[in-house]
Amino acid sequence: MSMQSINPATGQIIQSFPTWQSDEINTVLSQADSAQSEWAALSFTQRSDCMHNLARIFRQRNEEYANLITEEMGKLLKEARAEIEKCAIGCEHYANKAESYLSDELIASDASRSLVVYQPLGVVLCIMPWNFPFWQLVRAAAPAMMAGNTVVLKHASNVPRCALALEDAFRQAGFPENSFRTLMISSEQAQAVVADDRIAAVTLTGSSAAGRKVAAIAGQHLKKCVLELGGSDPFIVLEDADIESTAKQAFAARLQNMGQSCIAAKRFILMDVIADAFVEELRMILSQLQSGDPKHEATGIAPMAREDLRTDLHAQVERSLAAGAKLIVGGTVIGTQGAYYTPTILDYVQPGMAAFDEELFGPVAAIVRVKNAEEAVQLANRTQFGLGGSVWTSNTIRGEALARQIRAGSTFVNGIVKSDPRLPFGGIKESGYGRELSYHGIREFVNIKTVWIK
């Protein structure tokens with residue numbers, strides 16, 4: 001059994017990697033477990049030095065890593081460069097903030113002195129997806145490691161070269177040997193690793209189905225886990241929004257990473273009075289895009305990460321059209337080489353259609369028309385997901401009031417949903433539980449321990 005690195009722009013196999021046998025998995029888990037006490041014994045300053053070194057490596061090797069991402073999962077090279085820069089920013093944030101986030105807290109009680117201390121749990125297993133192969137790992141591993149945990153990575157099977165490059169980067173940054181390791185294993189093998197006694201906690205970013213499997217195993221073994229799962233984020237445009245500028249933001253919100261992002265806007269909920277104008281603006285933008293080599297600056301349409309993902313997306317489009325949605329633009333496979341799909345607008349989407357009920361993980365925008373803001377909020381919340389959402393209006397007071405009514409982990413007013421190391425990130429409902437980033441994220445994988453003295 002092997003993992004293959006396949007260029008989604010050409011369909012060509014770049015390299016194959018054999019999956020590990022049980023003895024190799026066992027060795028690495030023992031090494032990571034042994035390394036944890038050494039790593040935890042270092043001061044915050046010493047850990048911070050390693051994390052700052054990692055940030056420098058990301059910046060120094062930005063072009064190399066960006067090309068690797070584009071070759072392995074297909075995103076536009078300029079987007080891959082931005083992903084690596086975000087990794088550097090995330091490392092610097094926790095290098096600078098971890099000590100204050102985890103400093104002892106004195107609390108008055110009936111003791112002479114009582115306090116809360118934050119101590120590492122042990123080895124954290126990170127099960128990560130392919131869509132942001134560097135950033136997803138960094139945003140989980142940077143806080144976990146600054147807290148004193150060691151990390152083992154089970155990456156998506158289609159980005160093995162990214163996984164190995166990450167391990168090499170941590171090693172070059174001066175982290176102690178085996179404090180960060182990549183496991184070259186299948187999803188089935190990962191289930192046994194979750195259950196392994198040497199794993200203290202698990203964080204997974206992926207599908208709801210994968211989250212259920214991991215949560216069930218972690219729960220059976222009473223292990224802490226954080227799940228960041230799918231999303232079907234609403235993008236609500238009120239009648240007082242600037243149509244031209246908001247349509248440009250809608251394009252960015254839907255087409256980032258060719259729509260293969262859990263926090264990409266997916267359901268565009270528009271007031272009837274501005275819907276026609278908005279759809280036309282968005283159609284004009286999408287119609288100007290050209291497909292091509294994702295490494296070329298002029299390319300606007302990159303391939304999807306895999307051909308099977310494109311097949312699944314096209315089936316969702318076809319089912320939605322059969323149920324009554326109207327095709328405005330797109331809806332077709334591009335060419336015979338690579339996993340390209342035309343950016344697509346489906347209008348008059350309603351609950352009960354695949355484009356409304358399911359997550360569209362690709363370049364397809366679902367247009368939903370409503371009469372008023374109350375109906376917009378009702379339909380925004382009519383989903384099993386609860387990751388993010390946005391409201392677009394010239395009245396920010398009204399926008400904030402509506403944002404508070406959206407049932408999601410984050411809601412933005414006049415801004416595209418994004419992750420930011422300074423702010424907590426995560427979802428509710430089938431989008432998962434727990435939080436990444438900010439001080440909330442670093443405290444997910446620590447023992448929040450009371451010390452009482454008299």
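The protein splits into domain 1 (2-229 + 428-453) and domain 2 (234-413), with bounds that come from an automatic or database domain assignment. This is a predicted model, in which local features need pLDDT of at least 70, side-chain atom pairs count only at pLDDT 80 or more, and totals for chains, interfaces and linings use all residues. Residues are numbered from 1 along each chain as its sequence is written, and side-chain values use heavy atoms, with hydrogens and water left out.

Taken over C-alpha atoms, the centres of the two domains sit 30 Å apart. Contact (heavy atoms within 4.5 Å) brings in 27 residues from domain 1 and 31 residues from domain 2. Between them the domains bury about 2300 Å², 52% of it on carbon and sulfur atoms; buried area here is the accessible area (1.4 Å probe) that two parts lose on being put together, summed over both. Leu76, Trp130 and Lys429 account for 23% of what domain 1 buries against domain 2, more than any other three residues.

As for charges, two salt bridges link domain 1 and domain 2, a salt bridge being a side-chain nitrogen of Lys or Arg within 4 Å of a carboxyl oxygen of Asp or Glu. The side chains of Arg81 and Glu297 meet in a salt bridge at 3.0 Å, N to O. On the domain 1 side, helix H3 (62-73), helix H4 (77-101) and strand E18 (428-429) each supply at least two of the residues that touch domain 2. Helices (H or I, at least four residues) and strands (E, at least two) are DSSP runs, numbered from the N terminus.
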